[in-house]
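Please consult the sequence and structure below while reading.

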Amino acid sequence: SCGCGHKEQVELPKLNAQELVVGPNETYKTIEEALAVAQAGDIIKLTAGTYGAVSIINNGVTIQGPNAGISAVDGERVDEAIFTADLMIEGNNITIDGIKLEGAGRIIGAEAGANDVTIKNVLVTGSTVNAGNNSVTAPFHFDAGEGAEFKNIQIINCKAVDYNCNRPMYFYGREINGITIQGCYFVGNRQNYNDGFKINGDTADFGIKGEVLIQDNYLEGFSQYVIWFRVYGEGSYKIINNT
């Protein structure tokens, strides 16, 4: 209570949150096995190794690689949990921390949208996801379907370099309602007319709106637009202190 008769609703943390460790010598051999028992508040900890496609349908879970908490920009990384295919987000309140994307690996939101997605300390190297000259995808891909949206996405202390595709980007999406990109290092290789951060809202209700913060990032090697918004709506837009 604030003393004026109004009672605030406070979401309490889950008691007895679990850490579910995934690896060939662990109780859970695959991420799917861990997700099958995970509840809101649980942390799925990945050992170093290579992982294929997986969908996170749970709400409120955290996926941690061996480099959780270690910046992909300037931290001293250890052996990585590497994704070479889509890590799809279908639940809400999801955190992905300290993994690596290689080749065809993407962190991608499902077309139904999601709320409160945090991506931090993720390293991207050798991306092949945007192979065609007119292809529109990126290692961070959030493209909602009709009537859906992605609300409150945060991409923090991530790095993408050494692309191996025709049209390097770092983010592609539409129907984005609030996004933060902060403290990241994204370097393309200036091929064709690649945009860095592309919001394409021509066939959507909106491209981007809400609270938008793009701050303290290093951006280089994008031969068309570093940041490109199409069909933007009402909100607070702060694009500051980027190099």
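## Trp228

Trp228 belongs to strand E22, which spans residues 227-228. Helices (H or I, at least four residues) and strands (E, at least two) are DSSP runs, numbered from the N terminus. With a relative accessibility of 19%, Trp228 counts as buried, because buried means under 20% relative accessible area, exposed over 50%, and partly exposed in between (1.4 Å probe, protein chains only).

Apart from neighbours within four places in sequence, Trp228 is in contact with Asp195, Phe197, Lys198, Ile199 and Asn200, where contact means heavy atoms within 4.5 Å. Of these, Ile199 is 29 residues from Trp228 in sequence, while the C-alpha atoms of Ile199 and Trp228 are 6.1 Å apart in space.

## Basis of the model

The model is predicted: local features need pLDDT of at least 70, side-chain atom pairs count only at pLDDT 80 or more, and totals for chains, interfaces and linings use all residues. Residues are numbered from 1 along each chain as its sequence is written, and side-chain values use heavy atoms, with hydrogens and water left out.

Asn152 sits in strand E14, residues 150-156. Its phi is near 65 degrees, a positive value in a residue other than glycine. The relative accessible area of Asn152 is 32%, so Asn152 is partly exposed.

Asn157 is located in the loop between E14 and strand E15 (159-161). Asn157 is not a glycine either, yet has a positive phi of about 55 degrees. At 29% relative accessibility, Asn157 is partly exposed.
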